[in-house]
Amino acid sequence: MKAAIIGLPNVGKSTLFNALAAAEVPTENRPFCTIDPNVARVPIPDPRLDAVAEASGMQQKVHATLELVDVAGLVKGASRGEGLGNRFLAQVREADAAVHALRCFESGAVTHVSGAVDPVDDADTVNTELALADLATIERALDSARRRAKSGHPDLKKRVEELEALHEHLAEGTWEGGRPVLPLLTAMPTLYALNVAEEHLATGGPADLAEKYAARHGKPAVRVTAQLESELAAMPQEEQQDLRQGLGLPHETLQRFMQALRTLLDLNTFFTAGPSEARAWLVPNGATAHYAAGRVHTDFQQRFVRAEVTPWREFTRSPQPQPDLKGRDYEVRDGDVLRFRAG
């Protein structure tokens, strides 16, 4: 699964990428510092994995990961190709979700493209460009559908009607989601990353307005101090912990962020333990044990006999938990510890 970090230039997209990926991509104070996308597999911290590893005696832990893409900043007119618009939009379309970074901090050292910090106006600018790009996509699809519908086939006529309705709602700004008949940028699951100053990590500042904006649009929002987190990510773990303690910073900020992204993508986590490692795996909500077996190894899926299932809390409380035996159609639940039996 892939998530694209989007937003205006100089809002902290690459800084957030560095924090999450423990990377060191350029973060200069100029528009389009990022041109070619930066890509990383980012671990999803999960304290349940620590508990499963300890209970099973596994020293090695492997976290589940998501692919994160840091793309170029979007500017007004991107839907018409302004800035790096066409390239930007193509990169976003390839993702499964968007992390919409909003600048919620004041800094004379970092130029704002519009001259003032206003995360709601910034969000509207980006979302308007995404909607305009979607309108262009729908118009092209409509032209094609209308030509084909001249044959009189009822399915083609229905397609035209669906596209016309979608075009009307999107043009009026009244369409807020659901399942569109085309893959649309405005329909992409979105998490707002509110890049705040340290003193506003919990509450206060421009992020208050950004949170209300996200709530009105039914989107989750998470506050993060991207610059500080990126600096911490470059330090050894022990130094990170000491500095966090000294500054009074919570340890779970990035953990909450990545877990929010997992929830946004409607993914469940299951765990395996042994023979040499404890590992977390991601599967879509509703995935079966047969599907999950294939995530671990194709042989387990091809020769599937049963899955031994233990909820993670039970697994960590009992030295010898008694698993439930499940067949291939069992729907994996978030937090299951699975052991697959193959014939």
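1. Buried here means under 20% relative accessible area, exposed means over 50%, and partly exposed is in between, with a 1.4 Å probe and protein chains only. By that cut-off, phenylalanine 270 counts as buried because its relative accessibility is 0%. Phenylalanine 340, at 10% relative accessibility, counts as buried too.

2. Some housekeeping. This is a predicted model, so local features need pLDDT of at least 70 and side-chain atom pairs count only at pLDDT 80 or more, while totals for chains, interfaces and linings use all residues. Residues are numbered from 1 along each chain as its sequence is written, and side-chain values use heavy atoms, with hydrogens and water left out.

3. On to the rings. Rings of Phe, Tyr and Trp (its six-membered ring) pair if their centres lie within 6.5 Å; planes under 30 degrees apart are stacked, over 60 edge-to-face, and the rest tilted. Searching the whole structure gives five aromatic pairs. One of them is edge-to-face: phenylalanine 270 with phenylalanine 340, at 6.4 Å centre to centre and 90° between the planes. That pair links distant parts of the chain, with phenylalanine 270 in strand E8 (residues 267–273) and phenylalanine 340 in strand E12 (residues 336–342), 70 residues apart. Helices (H or I, at least four residues) and strands (E, at least two) are DSSP runs, numbered from the N terminus. Ring pairs also tie Phe270, Trp281, Phe300, Phe304 and Phe340 into a cluster.

4. Arginine 279 lies over the face of tryptophan 281, 4.3 Å from the ring centre. Arginine 103 has its charged end over the ring of phenylalanine 105, at 4.5 Å from the centre.

5. Now strand E9 (residues 277–284), where six of eight residues are buried. Strands pair if DSSP finds at least two bridges between them. E8 and E9 run antiparallel, joined by seven bridges, with phenylalanine 271 partnered by alanine 280 in E9. The two strands make a hairpin with three residues between them, and glycine 274 in the turn has a positive phi of about 110°. Strand E3 (residues 60–62) runs parallel to E9 over three bridges; there, lysine 61 has alanine 278 as its bridge partner.

6. Then there is the open sheet: six strands, ordered E2-E4-E1-E5-E6-E7, with mixed pairing. Strands E2 (38–43) and E7 (221–224) are at the edges with a single partner strand each, so one side of each has no neighbour in the sheet. E5 (residues 97–104) and E6 (residues 190–196) pair in the parallel sense over seven bridges, and histidine 100 stands opposite tyrosine 192 in E6.

7. Finally, two spots worth a look. Serine 14, in helix H1 (residues 13–21), counts as buried at 9% relative accessibility. Its side chain makes a 2.6 Å polar contact with that of aspartate 70 (a pair of N or O atoms within 3.5 Å; within protein, one must be able to donate a hydrogen and the other to accept it, and residues adjacent in sequence count only if both atoms are side-chain atoms). Leucine 74 is in the loop between strand E4 (65–70) and helix H3 (85–93), and is buried at 1% relative accessible area. From leucine 74 to glutamate 129 is 55 residues in sequence, but 8.4 Å in space, C-alpha to C-alpha.

Technical notes:
A charge sits over a ring if NZ of Lys or CZ of Arg is within 6 Å of the ring centre and within 35 degrees of the ring normal.
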